[in-house]
Structure formats: structure tokens, C-alpha cells
Amino acid sequence: FIMHKLLNAVLNRFCNTVSSTVSQLQGVLPGNPVTREYEVTRHIASAGPGLLWKIYSGYKKSTKQNASIFVFEKRQVVPQDRDILIETLKRGIAQLTKLRHPQILVVQHPLEESRDCLAFATEPVFSSLANILGNKENLPPNCDVNGYQLFDVEIKYGLMQIGEGLVFLHKDAKIVHHNLCPSSIIINEQGAWKIFGFDFAIQNSSSDAMPTWRCSEEDCGSSYPHALAHPHPDYLAPECFSKDKKTLGPPSDNYSLGVLIYALYNEGRSPFNGDRKLARLKNSELSLSKVVDGLRQLVKMMLHPSPELRPDEHEFLKVLIINNVGVKALNYLDSLFQWDNKQKSHFYKGLPQILGQLPHRVCLLRVVPCLTREFVNPMMVPFVLPSMFVIAEKCNKQEFISHILPQLKTVITIQEPVQVLLIFMQRMELMLKMTPCEDVKSDVLPLLYRALESDSQDIQELCLSVLPTFAELIEYPAMKNALLPRIKRLCISTSFVSVRVNCLVCIGKLLDYLDKWLVMDEVLPFLPQIPSKEPAVLMGILGIYKLVLNHKKMSMSKEIMAQKVIPFLMPLCVENFLTLNQFNALISVVKEMVSKVEQEHRVKLEQLYEEQ
């Protein structure tokens, strides 16, 4: 009775959770046109000014392609503030939609407005940097960012990506972001950092060769109609608060980037904590002790009150990449499409050693997608696969199935170059350990069939050595009609003694998975057909006879022994190439067979005599 009550309580709680989740998701986009094309699944993050944008995971209905849906619910703010906030957010998304760059968040569906909300869709994202640094506003209680910690290489490479994004904004788009802070940086599913939050961006106001950025009183931070409808004051440069200077430029964003670096190494806290009076800033000595050594002096220069003395984006990027192997490797991986095959192959040969210095999460989310981009080029696959398997070694089974196996399936059928098949054979133990049984049958087994038919001795021998390790996964019809005939054919046709011996050893190990009649009809008659009398081959043949002779499931009849096996083995006993040990082994089996024939036939004759 108690167990029954407990079961009912658990079921009721589960049903309530499911129904509340469904009702929550149904209420996310009431009447918004985005719902016609996208399905919302789960609330995962928040971003933008005041973290007003709720971010949901989802997918496009027509293609099932993963996406993220950003939603601003108008009920979050009081009516008198709503219009100015909505205009601010609309302006930012309109600017974001126009921009195209690898370090700018990709918009998949433009902004749509309904009575209750604003919404648009982007590439799949994981979180905003603000959420990761501990700002949990507009977040569900149990989200993926809880307890999430950034590795140092992730921070440095993320900053490099932001730096590259700023180069694009300043040099090409002629835009000053004017609100570069954790809530304006999005981290996508692969761990790439993307610039977002163009709500307060300032466009170049000059047609001259030297661009200028002029901002209004509101833009420069003097006064705002609403507390959330303005840039984050802790991340604004001093010139944004100056009453006698209303011209901003790229140094203003570089200053914001310096504050951002400080916050990343100080648990998300800016150096000013809301107190940003210009006089205090000029006279203060910031404590940069927590900022890593390689960036400390750089941050100090970036936070200089004078814009002209701050390092530009290019200087910033140079400092980041110096003496950091992990950052260099990630940077190379992202730029490999510009290289030729020779340069790529040289890089990939050294990559497995570098992967040991990178955190596993970075390898899985950042390196694997870069490696799989090379799978469209068969000539590069042999150089890429070793790194894939180095990463796979550190995966748990679920990670392997989700991130590695789907990519390996795309190249597992490649015939040329032959090194691809060789690498798969060398790592077959790992493949069999991590791959689900259904996938072994559908993908790995055909790979082994091809390996048996390969012209490469190394591939054939590797294949024969791993086949018995997963024989229990091979269905009997496949064993009888596909696998065993291939092994027999290889054993007879090969010109390599070692391959022939390995074929016999493999058959010996497979005997436990064969029935008596298959052995009697297919295995034993094939042994005398082997065109070789090398001692190693003869010992392999003898080993199979001995296994069958003493196998508990298989009893070799006296007729087979007397008429087929002994007449085949007996002439071999007088060959001069045998060593004494080989002769002893051979004659011992012959004697055992003769003894069995004698015993069984004597019993048979005695029975016949008694019946007369």
C-alpha cells in the first residue's frame, strides 16, 4: 500500500511537471509569426540590456534544423517604459540582422512583433556571457549554465573572437558597438563567442577617409529616459561621460573590452561597481592582480583614460596569440579553409600532441566541428582521423555517440586513400567499445568486410585480429553467408603466409559461434584446399582440427576422420621441413584420431555382432 502511494505521488509530480512545462512553452510566443516556422522547446538563457531577452532552444519546423529563439515579453516592463524599451530593442536587432561576420551572432529569422512580445531566431546558442558569469536574471532555476566554469583557453580564444569582431565593426562596418559587456556577448553551441546587443551602436557619421562617430546627449550617457534603455555604465569609456567631448570611436569599444577582461578574471565584477565618476577614474589605481600575467599590462593600457593611448584591436590580438599554443591551435583550425592541403596536413600531423593540452570540452565542442569540415576532402581524412580518435579516447559513451560517431559514419565508407581503412582498423577496439550494437551491425561490420577484401596486408591482419572480439554481435546468417566465405576466400587467395595463418587463427576463435553442421560442411572441407605447406600454416590447420576434435558442441564423426582428415594429415607427418615439436604435435593429433576411429568402430562392430 505504501509503495502504491509513493508510486502515485511520483507519477502525479511527473505529470504536473510535464503539464507546467508544456503550458509554459505554449505561452512563450502567443500569436507571434515566429511560431509559424519555429518550434520552441526549452528556456536556456537570457541576454541583452537588463537580460530582457529570454533565449529558448528550438528548431525550424520545415528542416528540423536546431535554432535559438529570442523572446522579449512586453509584460516584463510597466506600460510607461514599454515604448522606449521596445524601440531600443528593435533598433539593436535591426542592426544585428544587417551584419554578416563569423564573430557576429547569426540571425536566421528577422524580428517579428505581436501584441505580447518581440521574437526572432538565431543560430543555436548555449548562453550569454553574463549568465555564465553568474547573472541569473530571466533564467529558469535548473539551467545548463549552473556551475559552468570557463577554462583559460576558452576565455583567451573567446576574447580573440570578440577582438576580430570589433576589427570588422570598426574597419569594415564603420560601427562603434557602444555597449560591449557580458550581456552583449553570446556563446553558441560550439563555444564560439559572438557579438550581440547593437541597441546603442553608433554608425559612422562622416564620408571622409577618417571616420567619426558622433553621439547624442542620450547616447553618451548623460541622460536616459529609462534605466534599461542605455548602455551598461560600468563598461563605458570615460569619454562617454565627458560633457565637452561628444565624439566616440573604436578606442571606446576597446576600453569596454578591457573592462570585460577584468570582469572575466574577477568573477563577473567590473572594477567600478557602478561608481564611474571621471575624476575618480583618473586618480584610481585599479587592482589587476587576478588578471593573468599575459594580459595584465594589456588591460592596464586598455583602461587608460586617454583614448589615443589605448592599444587598438590588432595589438590586442597579437598579445593574445603570443606564447599560447591552445589559442594558436584554435585560431589555425578556424582559418584552415584558407590553406592548401600540404599546409593542412603539416598542421594536422602535430595536432594530436596539442590536443592533450586543451580541455576536453574545448576539444569536443570547438575542435571536432573544425575537423569534420575536412571530411569533404578524402585526401585529408587520413590526417584528420588520428585527432578525432584522440578526442574520442576521452569521451564517455554518450559523448561519443552524440559528437563523434555521426561524423565518423560520414567517412567510414571511404575506399581511397587506403590509409583511412587502416586507421579505422588500428582504432577498432575503441570503435567496438563505444559504438552501440545496432551501429556495429549497420556500419562497422561492412567496414570489416571491405577490410578483408583490401589489398593491404596490414589492414587484412588487423581486421582478422579484431573480428573475434565482437563475433557475438554478428547474426548467424551474416556469419554463414558473408563473413566466413570472405575469410576462406582470403586464406586461399592470399600470397602472404602471415595473412593465411591469421585467417586460420580467426576461424579457430570463431568456432564457438558456429554450429556443428556449418563446421563440418564449410570449415573442415576447406582446410585441405589451402595451397600451402609452410609449417606455420600446417600448425594453424592442425589447431582447428584439434579444437573441433575436443569441442564439446562438435563431435567429428569416425567417417570424416577416417576418410577425409587422416588421409590429409598422414602424408604431412613425413615431410622433412617439420621441426621435432611440430612433428610431435602433428602425430599426436593423428594418433588421437586413429584411437577415436578405432574405439567408435569397434563399438559399432560389437553392436552389429550382438544383433546377429
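A residue is called buried when its relative accessible area is under 20%, exposed when over 50%, and partly exposed in between (1.4 Å probe, protein chains only). At 4% relative accessibility, N254 therefore counts as buried. The model described here is predicted, so that local features need pLDDT of at least 70 and side-chain atom pairs count only at pLDDT 80 or more, whereas totals for chains, interfaces and linings use all residues. Residues are numbered from 1 along each chain as its sequence is written, and side-chain values use heavy atoms, with hydrogens and water left out.

N254 lies in helix α5, where helices (H or I, at least four residues) and strands (E, at least two) are DSSP runs numbered from the N terminus. Leaving aside neighbours within four places in sequence, N254 is in contact (heavy atoms within 4.5 Å) with L166, H170, M302, P311, D312 and E313. Helix α5 (residues 250-264) packs with helix α4 (residues 152-172) at an angle of about 170°, their axes being 11 Å apart; axes are lines fitted to C-alpha atoms, for helices over the stretch in contact, and angles run from 0 to 180 degrees between N-to-C directions. The two helices α4 and α5 are therefore roughly antiparallel to each other, given that angles over 145 degrees count as roughly antiparallel, under 35 as roughly parallel, 65 to 115 as roughly perpendicular and the rest as oblique. From α4 the contact is made by I155, L159, I162, L166 and H170, and from α5 by P250, D253, N254, L257, L260, I261 and L264. These residues divide into nine nonpolar, two polar and one charged, where Ala, Val, Leu, Ile, Met, Phe, Trp, Tyr, Cys and Pro count as nonpolar, Asp, Glu, Lys and Arg as charged, and the others, Gly among them, as polar.

By class, the contact of α18 with α19 has 13 nonpolar, one polar and one charged residues.

An open sheet of three strands has the order β6-β8-β9, with antiparallel pairing, two strands being paired if DSSP finds at least two bridges between them. Because β6 (125-128) and β9 (193-195) stand at the edges with a single partner strand each, one side of each is left without a neighbour in the sheet. Three bridges join β6 to the antiparallel strand β8 (residues 185-188), and S127 stands opposite I187 in β8.
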